[in-house]
Amino acid sequence: MMHIIGTWIAAGLTLAIFSFLYKDNPFYKFAEHLYVGVSAAFAILYTWAFDVWPMLVEPMFYGRGAASAADRWILLVPMLFGLLMLSRWFPKIGWLSRWAIALTVGIAAGLGITGQIQGILLPQVAGTLVPLTSLDNVLMVVGVISTLVYFYFSIAQKGAVKVGSRLGMIFIMVAFGASFGYTVMARISLLIGRLYFLAYDWLHLVR
Amino acid sequence: MKKEIPLAITFLTGVIIVVTFFIPHQPLGGMQQRLLIWYSIVLGFTLLLGVDSLLRSNLQKIMRRAPGWPYAVVVVAGFLATLAAGIHTWATTKDLLSLGSSFMYIYTYMIVPLQATMFALLAFFIASAAYRAFRARTLEATLLLVTAAIVMLGRVPVGAEIWDKLPGLQDWIMEIPQMAAKRGIFIGVALGTIAMSLRVILGLERTYLS
Amino acid sequence: MKFFEKLASIDRRIIYLLLALAVVVPILLKLVLPITVSEPVKSAYAAIDGLSDGSVVMVSIDYDASSAPEVQPMLLSVLRHCFAKKHKVVMLGQWPLGLPFGEIGMTTVVDEINRAAQSPADSIRYGANYVNLGYRPGYRALMVGLGREFRDFFATDYRSAPVDSLPLMRPIHNYNDIDLLVGLEAGQAGDEWIQYAGARYGLQIVIGATGVVAPDMFHYMQARQIKGLIGGLQGAAEYETLMQHPGTGTAGMVPQSWAHLLLLAFIVLGNVGYFVMRRKKA
């Protein structure tokens with residue numbers, strides 16, 4: 001029974017959102033606002049259940065996952081930084097949140113340097129170093145180099161650079177076209193998902 | 001205090017992370033792991049940042065009976081009901097993914113249809129845009145359009161029914177010219193990210209503090 | 001000329017209606033078309049199939065309802081494949097709002113297998129054959145940290161059970177104990193898995209991605225940074241075909257085809273109208 005009621009609620013909300021296609025209306029606005037409220041509660045609950053509880057409360061107060069007393073107490077540091085992050089709620093001490101932001105930005109930047117070199121630059125350059133024994137390989141190498149030339153803004157766009165840049169533009173357009181095609185596919189798939197739900201789960205038109 | 005301490009924190013943490021990449025041995029390796037754990041914990045708190053302003057603005061709207069205030073009631077009621085269901089589920093099962101719970105009921109029958117349908121709307125907008133704005137005005141636009149058409153046909157079963165070489169052509173576009181351009185873009189982005197990260201660590205880039 | 005002028009001013013709602021019909025009619029008629037399997041999906045399948053029985057596969061749920069129609073059928077097929085090969089599955093997620101999709105997918109497949117099980121040995125049990133670790137914030141920091149020790153982030157599973165109480169997790173400490181990661185991606189997390197877990201620790205990776213993300217994965221495929229790629233709903237349908245277990249991926253491919261044809265017709269009509277009008281103005 002609860003499942004049937006739920007399916008009707010879901011169908012009603014689906015149609016309420018779709019009604020925006022006709023024009024903006026109270027049903028759509030209701031559904032949109034409901035989504036905002038419900039998701040905000042999710043953010044709080046998941047922060048508690050998957051962050052604060054297992055990574056702070058359990059190790060600090062129950063000793064779970066903490067090898068020593070020092071391991072427990074040092075967690076006061078990230079807890080403090082986490083609370084500092086929330087100082088933005090209070091305009092007078094909002095500047096303290098910069099400390100917490102600085103911590104995350106510093107770590108992310110440190111990871112970014114090594115990650116981009118090891119995870120992108122080296123393997124992707126290595127992948128481009130192929131023998132030019134086939135048309136595909138030639139095209140690929142030309143495509144990579146000319147795309148880089150196109151984005152190399154700090155050099156005058158004339159002569160060979162201009163030709164390279166123009167060639168790069170052609171490759172980039174092909175890439176954007178391909179991405180557009182895939183994006184269309186993705187969006188249609190989502191529509192299929194919703195209409196499938198209405199026809200199958202709600203109206204039982206398809207078995 | 002307001003600038004120097006954050007800059008010092010960024011410098012120290014950034015340097016430790018880079019150095020421990022090269023020297024992962026103890027005690028540096030342990031220090032790196034500790035920082036990563038702290039990052040994970042602190043980042044979780046950012047999820048909460050938006051909630052405060054959202055609730056505050058909606059409550060103010062209700063108090064002032066501002067235009068559209070009944071929708072603000074929907075936001076607050078949806079928030080409170082979900083929070084109550086979540087707290088109840090957590091208190092009784094310690095499992096917020098428990099499929100039979102009231103919390104998951106809200107997820108399955110409210111969040112999923114709302115979020116999924118919002119994104120499904122984009123299919124309609126993209127169709128309308130394709131009809132009105134997708135014009136072969138220049139060589140570049142034509143190239144984009146032709147590639148998109150080949151990919152859209154070649155990537156679905158009907159493509160092979162129309163012309164049996166279409167899927168192969170689509171695969172080739174994705175694997176050679178498309179891939180080459182994306183690789184160029186990703187290498188460019190990587191170089192940019194490295195430069196920006198260095199500037200951040202060295203304190204030359206400070207926009208994140210504003 | 002009048003025809004094209006009228007065409008140019010056609011109401012957007014008629015376009016919407018036509019698109020809805022192009023999707024609904026084939027769904028109702030339950031039409032199907034043969035699915036041809038592409039190389040990247042064959043490679044993804046081979047990566048799971050080629051592992052010795054009983055290997056540990058980690059599945060990352062990095063999507064939510066906004067892309068579930070594309071990615072959820074991939075999850076179902078991958079789980080069916082893993083369990084058919086007797087692999088063990090460690091599930092976790094980078095998108096908190098998508099975690100329930102992992103749980104729903106896992107429950108669906110586990111129930112399906114356990115219903116058909118002839119003996120207890122054929123059935124799948126939590127803690128022995130699969131676990132769900134849940135979610136921790138952190139993305140790249142988490143991915144690097146797991147390379148050292150899972151317990152530093154996941155001392156407990158998603159329902160607060162200590163991981164060492166789960167037999168499957170006891171021998172798992174870092175990526176050396178994971179044979180393959182299947183990242184199901186709707187955003188940046190896939191890149192980060194590849195850059196931070198793959199490149200740094202040599203973790204073998206297969207990516208299942210939405211249509212929006214998939215084009216940005218081909219350069220990783222060429223550079224052998226990933227072992228396979230399942231792209232979009234078509235990719236999901238291809239994996240279902242390989243598993244000989246058609247699902248919503250396969251069912252979606254006729255509506256998908258019709259919608260693409262309709263969109264192309266829109267583009268052609270729009271352009272013909274544009275050029276005719278432009279010539280007239282000139």
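Reader: How many residues of chain B are in contact with chain A, and how many of chain A with chain B?

Author: The model is a predicted one. In it, 93 residues of chain B are in contact with 91 residues of chain A. A pair counts as a contact if the C-beta atoms lie within 7 Å.

Reader: Which elements of chain B give two or more residues to the side that touches chain A?

Author: They are α1 (4–22), α2, α3 (69–93), α4, α5 and α7 of chain B. The largest share comes from α7(B), with 22 residues. By class, this side of chain B holds 69 nonpolar, 18 polar and 6 charged residues.

Reader: What makes up the contact between chain B and chain C?

Author: Chain B contributes 46 residues and chain C contributes 49 residues. On the side of chain B that touches chain C, α2 (28–64), α4 (102–133), α5 (139–154), α6 (157–162) and α7 (166–201) each supply at least two residues. The element that gives the most is α4(B), with 14 residues. This side divides into 31 nonpolar, 6 polar and 9 charged residues.

Reader: How do you know that the length of α5(B) is close to what is expected of a helix?

Author: The helix α5(B) has 16 residues, and 22 Å is expected at 1.5 Å a residue. From the first C-alpha to the last, α5(B) reaches 22 Å.

Reader: Which residues of α5(B) are buried, and what do they pack against?

Author: The buried residues are B:L144, B:L145, B:T147, B:A148, B:I150, B:V151, B:M152, B:L153 and B:G154. They pack against α6 and α7 of chain B, α7 of chain A and α11 of chain C.

Reader: Which residues meet where α7(A) passes α11(C)?

Author: From α7(A), the residues A:V184, A:M185, A:I188, A:S189 and A:I192 meet C:P255, C:Q256, C:A259 and C:L263 of α11(C). This contact has 7 nonpolar, 2 polar and no charged residues.

Reader: What makes α9(C) largely enclosed by the rest of the structure?

Author: A residue is buried if 20 or more other C-beta atoms lie within 10 Å of its own. In α9(C), 10 of the 12 residues are buried, so α9(C) is largely enclosed. Those residues are C:G232, C:L233, C:Q234, C:G235, C:A236, C:A237, C:E238, C:Y239, C:E240 and C:T241.

Reader: What is the secondary structure of chain C, and how much of the chain counts as buried?

Author: Chain C comes to 11 helices and 6 strands. Of its 282 residues, 59% count as buried. The C-alpha atoms of chain C fill a box of roughly 75 × 40 × 35 Å along the principal axes. Among contacts in chain C between residues at least 6 apart in sequence, 73% join residues at least 24 apart.

Technical notes:
Residues numbered from 1 in each chain as written. Chains lettered and ligands numbered in written order. Predicted model: local features only at pLDDT ≥ 70, side-chain atom pairs only at ≥ 80, totals over all residues. Contact = placed C-beta atoms within 7 Å. Helix = DSSP H or I, 4+ residues; strand = E, 2+ residues; numbered from the N terminus. Nonpolar A, V, L, I, M, F, W, Y, C, P; charged D, E, K, R; others polar. Expected span 1.5 Å × (residues − 1).
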